[in-house]
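Hi everyone, thanks for coming. Let's have a look at today's structure together.

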Amino acid sequence: MKRSSFSSLYSLCLIIIGFMGLALVSCLGAPTKKNESTSKKEHEVLKTVEVSTGASIYALETPLVDQESKPIGVKIFQGSPVLISMFYGSCGYTCPLLLENLKKVDRQLEGDLQKKIRYLLVSFDDVKDTPEELKKLAEKHQLDYERFRLAHAGEGGVREIAGVLGIQYRKTPEGGFNHSSLITLLNTKGEIVAQYEGLDAPISSIAEKIKNLSDVLTK
Amino acid sequence: PVTNAQFFNFVQKHPQWKRDQVSKIFADEHYLAHWQSSLQLGPKAQANQPVTYVSWFAAKAYCESLSKRLPKEEEWEFAASSSESEAYAQNDPIWKQRILDWYAKPSSSALPEVKKQAPNFWKVYDLHGLVWEWVGDFNSSLVSSDSREGTDQKTRFCGSGGLKATDKEDYASFMRMAFRSSLRANYTTKNLGFRCAQ
């Protein structure tokens with residue numbers, strides 16, 4: 001019996017489907033095959049996304065476990081401005097880059113502000129990125145526990161958090177993930193203030209935005 | 001797909017999903033817009049019409065309340081590849097055209113009720129011809145715009161695999177994929193409903 005046209009979903013071939021302009025780029029930054037669609041410019045999927053208006057993502061009750069095996073919630077850093085994103089441990093190129101960009105932002109924040117900012121990174125990989133693995137990653141990247149949390153969520157939780165942050169992802173048969181990289185800035189109440197492309201992150205703009213968060217300044 | 005009546009029962013039992021209660025994180029400002037009030041269907045929401053103006057979170061919560069779940073995209077597409085008479089209808093150009101014709105129709109008339117069309121080969125109703133439907137992994141496709149523009153394309157996605165379509169002429173599937181990729185989890189729209197899987 002023939003299966004649906006998506007039966008070979010997870011093939012290793014990079015094939016561009018010209019009709020709809022689907023494109024997936026390798027983690028190692030290999031050049032994409034150009035599609036043959038018309039030059040009509042579509043709305044960019046990953047521009048700053050309005051995933052909510054004035055509502056706090058802390059309405060999510062997704063259970064998480066951090067790198068010290070402590071159960072936490074998405075709202076762990078309520079009361080502080082937070083940069084939140086998603087990654088996975090065995091990601092070879094873009095996730096370390098994302099992390100590096102977050103650190104660059106961090107270095108641009110001075111004194112008090114740097115003490116206030118928090119980072120929450122949730123892993124796509126509910127199988128491999130156990131709290132023990134996350135701890136190793138945190139140590140490898142020298143992430144201080146007070147300000148940086150790497151979190152494990154269950155499979156459903158990963159989908160929920162990605163949904164709330166506007167992140168697309170798909171698990172590959174090899175156990176890796178195709179995913180978008182989006183950095184989200186939350187204010188002290190957990191409301192989305194801004195979103196940024198994670199890999200070409202505009203470091204200075206992000207730092208500026210954090211500095212200008214009025215609820216941080218008044219604290 | 002799940003009907004207005006079924007969803008109404010759910011909201012009654014789980015009032016946190018009333019449209020005046022739910023966080024904008026979970027459902028946008030058009031959530032259940034077609035209902036007369038937060039706990040009244042009213043004339044624009046017939047009991048047996050598929051419920052629309054529901055977000056992914058709302059759909060998910062409904063399914064979970066019945067110990068079910070949203071279907072995976074793969075499951076949905078598999079079921080949707082059948083016509084009334086054939087398990088796999090992708091070689092049937094008339095069937096494919098019917099679907100595309102439906103997509104081309106503007107949705108100005110009232111939504112038909114569920115189960116009015118003939119079911120498909122697997123006895124599943126209304127996968128085509130009624131509403132777009134949420135799937136569990138709606139945000140699993142990375143669709144880019146014209147990849148000839150700008151270098152930021154290279155850094156947008158991390159991917160070590162690709163999508164291979166065995167049928168490059170299954171335009172309807174591509175349309176659905178593009179549609180799903182444009183959605184956010186709290187979006188609600190007039191033509192988007194859902195069904196559950198077990």
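Here's something to start with: are Phe8(B) and Trp35(B) buried or exposed? Both of them are buried. Keep in mind that this is a predicted model.

So what are those two doing? They make an aromatic pair, with 5.8 Å from centre to centre and 50° between the planes, and that counts as tilted. The pair also links distant parts of the chain: Phe8(B) belongs to helix α1 of chain B, while Trp35(B) is in the loop between α1 and α2, 27 residues apart.

Now compare Trp134(B) and Phe138(B). Their ring planes are at 85°, with the centres 5.1 Å apart, so this pair is edge-to-face. Trp134(B) and Phe138(B) are buried as well. Over all chains, a search finds 23 aromatic pairs.

Okay, over to chain A and its sheet. Seven strands form an open sheet there, in the order β2-β1-β5-β4-β3-β8-β9, and the pairing is mixed. At the edges we have β2 and β9, each pairing on one side only. Strands β1 and β2 of chain A run antiparallel and are joined by two bridges; in one of the bridges, Val65(A) is partnered by Pro71(A).

Then come the helices. Helix α3 of chain A lies across β1, β3 and β5, at about 155° to β5(A). Helix α5 of chain A lies across β3, β8 and β9, at about 170° to β9(A).

One last thing: Arg149(A) lies over the face of Tyr145(A), 3.8 Å from the ring centre.

Terms used. Residues numbered from 1 in each chain as written. Chains lettered and ligands numbered in written order. Predicted model: local features only at pLDDT ≥ 70, side-chain atom pairs only at ≥ 80, totals over all residues. Heavy atoms only, no water. Phe/Tyr/Trp six-rings, centres within 6.5 Å; stacked < 30°, edge-to-face > 60°. Helix = DSSP H or I, 4+ residues; strand = E, 2+ residues; numbered from the N terminus. Buried < 20%, exposed > 50% of the residue type's maximum accessible area, 1.4 Å probe, protein only. Lys NZ or Arg CZ within 6 Å of the ring centre and 35° of its normal. Pairing = 2+ DSSP bridges. Contact = heavy atoms within 4.5 Å. Axes fitted to C-alpha atoms, helices over the stretch in contact; angles between N-to-C directions.
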